[in-house]
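Take a walk through this model.

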Amino acid sequence: MPITSYLAHPVEGQQQKLLEELLSISHCEALPAVNTELLILITDTRNAGEEASLKIQLESLENLKHLAMVAGFQTPINS
Amino acid sequence: MGNLNASRRNFVKKMAALSAMTTATALFPGILFAETQRNNASTTGTLDWKKAPCRFCGVGCGVLIGIENGKAVAVKGDPNSPVNKGLCCVKGYHSIIALYGKDRLTHPLVKKNGSYVQTTMQEALDLIASKMQKTITDYGKDAVSIYGSGQWTIPDGYVASKLFKGCIGTNNVEANARLCMASAVTGFLTSFGLDEPMGCYEDIDHADIFVLWGNNMAEMHPVLFSRLLDQRLKRGAKIIDLTTRTTRTSKAADNSILFRPQTDLALANAICYELVKKGWVHRSFVEKHCSFRKGLTDMGYGLEDNYQFKDRPKKINYKDYQQFLEGYAPEKVTQLTGVSEKDIRYLATCYGDPNKKVMSFWCMGMNQHTRGTWINNLVYNIHLLTGKISTPGNSPFSLTGQPSACGTVREVGTLTHKLPHGVVMNKTHREHAAKIWGVPVENIPSKPTYHTVEMFRALDRGDIRFMWIQVTNPMVTMPKLKRYRDAAKKEQRFIVVSDVYPTPTTDIADVILPSAMWIEREGLYGNSERRTQYFEQMIPAPGEAMSDTWQMIEVAKRMGFEKQFSYQKETHIEEIYKEYTRHHEGKKHAMPPLSILKSQAGAQWPFVNGKSTQWRFNAQYDSACSNGEAFHFYGKPDGKAVIWQRPYEPAPEVPDKEFDFWLCTGRVLEHWHTGSMTRRIPVLHKAMPKAYVEVHPKDAKRLQIQTGDLVLLTSRRGTIQLPASVNERGIPEMGQVFVPFFDEDMLINELTLDAFCPISKQPDYKKCAVKVQKA
């Protein structure tokens, strides 16, 4: 648990930089839109602690303007 | 096995990506992703996705629940929902975890010799019915009561009203929505003669300016706030935050304007003064569609038992109103409000500019107010004076905090004075209800009994002896809590509590009934924009847990009302909804048929000729308009909305030498209401494990308080101890503190005052006086 997906809005003109920043963080995958300044962010953490720590990392990104959550999946690691 | 797990996890990730792409497509038509990415996002799988409105706040987001092997395992925003367009907030996406807390109530418990003993559902329901009957025999029908909630589904509230008002014959029906939106109701009724917003969320896509009146939307209504931010990104819309405390909303807004507690009344009048002075009044709209009234003033605050108030409105004219506003010139109110003359004029410009469309949003800041009805009236005044109402993008919009505060409490009418259609005081309305319920009209008393605060006072006095509490937690939420907790524990009182988890309210129960939660039963909710939404039963309820609807039907049958409650178990929700819609027939409030609600993400009443009505009172959209004009405020006999002359009056308790701080209470992003569900979601609990008191950094320095230090808060009602929060999430102004109410281990309502708005009877949780000391 959990796998979540978000819409990530970059600061104007910083989509590429935000993509690089997101890809450098563990537990994150990011997919950029090709004609709009927007990225899809998918996070995959093993427990609540990892999720909380990831949240702090995401909040500190300078090129991230706004993050809107879309989906969450309760997927056990060892079941 | 490891490979299988990895493959399943990859598959789930693809589904998560696809959900986000679908939502992005809904929000940004024409958006493209690289083909390889789209191909990677699989659309097939073993999850069975079913739609529902979210369990938590009043926004009413559409969510899709992924069911696998009889268990809810995933949540995503429903891209087909016009409410959230696929978005989902942190509470919504964790909502299913709240179904599976370790301490779910699964079997009835009966208190015997001070301890709870497990019993069967049949025995518990027998006991409840016999206790109710004995109480009626011994003390009269007004000695029994039911206290429900804006989390009641529509069928729950409907059977409660039918049983108590129609069959037993008492108006002792109330709901916790009295504590959260009663002032919005009386605001609508006094200004327009009909309840609930005239506009809808689609207004967000048209408005140029959003003015948030004491409304921390970023934390309380995050999905709608995301829609506001989205409009700012796309169209440059502005967000103005009017607030008493700096919040996450303030930080995200274009302009945050701080005002002193209670002075929103003066601020709104000052905006109206400027509109008149600058010639920004839409004269032809006002002449055709508005009348002017003033009511009684100096009404008191309801602090004494059996307090009564009835307003006596008087007609006034535009000149009288103009003269009244002279007392609210910006230079006269700047000191009182703490808002600069420049900011007051800026706000008036925002509303007055004929080329800008404006939405006003509010929630508890305006409603939990000892002059809550007045401040609602005053914000409507601004929109009426400028004619910025009932058109796309021009919309005064009162938000709600619970999933069915509108659908159940306001529309079904689970308040002492209400019926599903109309009020108990009106003979025609009583006859209409009695006919549909199949009861003699004499059964329904013509006088309201107790509003919520007075109902708990009546329990204390012994006027009420039996209370059934469903889906709510009053032993955390009642103001001046100690009096009402002690009342519930008195001898010769019998309390039944239906809930899904143990709470401080189940602690005072004589019988605890385990309830089926949300998608463990079938039901309907109604959200803030008049949207009714249906959800099916998706998973089984645990143990003997039963829906609140069926609990009441079983008790009604045991009390001899088999005829009125002859619903079949398999079809009862459909039967009840069909019966309920008969109350609202007609163009002003026609409800959508269940078949429509099953097929789409809800529909908005009035639902006429197969269509939802998005903007009421506007002849272009609302078929109930019949005066031949562009607008028709048909809730009032003369077809005109009322502009009210309402003055500023102070709060009942203000800081003084001994209790020198204002106390404001509220919610936080992670927890919903009293936290009885969200505190059982580990990630949310971990993110916000306990309550705290926010103190301004300068006050903290003076009192030598740092974040984490224990602080004693004392009011005239009690003392509690909490850790301090300085310069963190929210920052109150100097001389003010803020405490969230979600934490049952730190009950802030031990300190609050049970003063209420004399018209709406809604308590004020935002203002009382406290002393702050380092522990």
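Gly338(B) follows helix α13(B), and its phi is positive, near 80°. Helices (H or I, at least four residues) are DSSP runs, numbered from the N terminus. This is a predicted model: local features need pLDDT of at least 70, side-chain atom pairs count only at pLDDT 80 or more, and totals for chains, interfaces and linings use all residues. Residues are numbered from 1 along each chain as its sequence is written, chains are lettered from A in the order in which they are written, and side-chain values use heavy atoms, without hydrogens and water.

Helix α13 of chain B spans residues 330-337. Its buried residues are Pro330(B), Val333(B) and Thr337(B). Buried means under 20% relative accessible area, exposed over 50%, partly exposed in between (1.4 Å probe, protein chains only). Seen down the axis of α13(B), these buried residues fall within an arc of 75°, so they line one face of the helix. The arc is that of the directions from the helix axis to the C-beta atoms. Lys332(B) and Gln335(B), on the other side, are exposed.

Now the cysteines. The structure holds zero disulfides over all chains. A disulfide is a pair of cysteine sulfur atoms within 2.5 Å. Cys54(B) is buried, with a relative accessible area of 9%. Cys363(B) is in no disulfide either; the nearest cysteine sulfur, in Cys180(B), is 7.1 Å away. Cys363(B) counts as buried, at 6% relative accessibility.

How values were computed:
Helix = DSSP H or I, 4+ residues; strand = E, 2+ residues; numbered from the N terminus.
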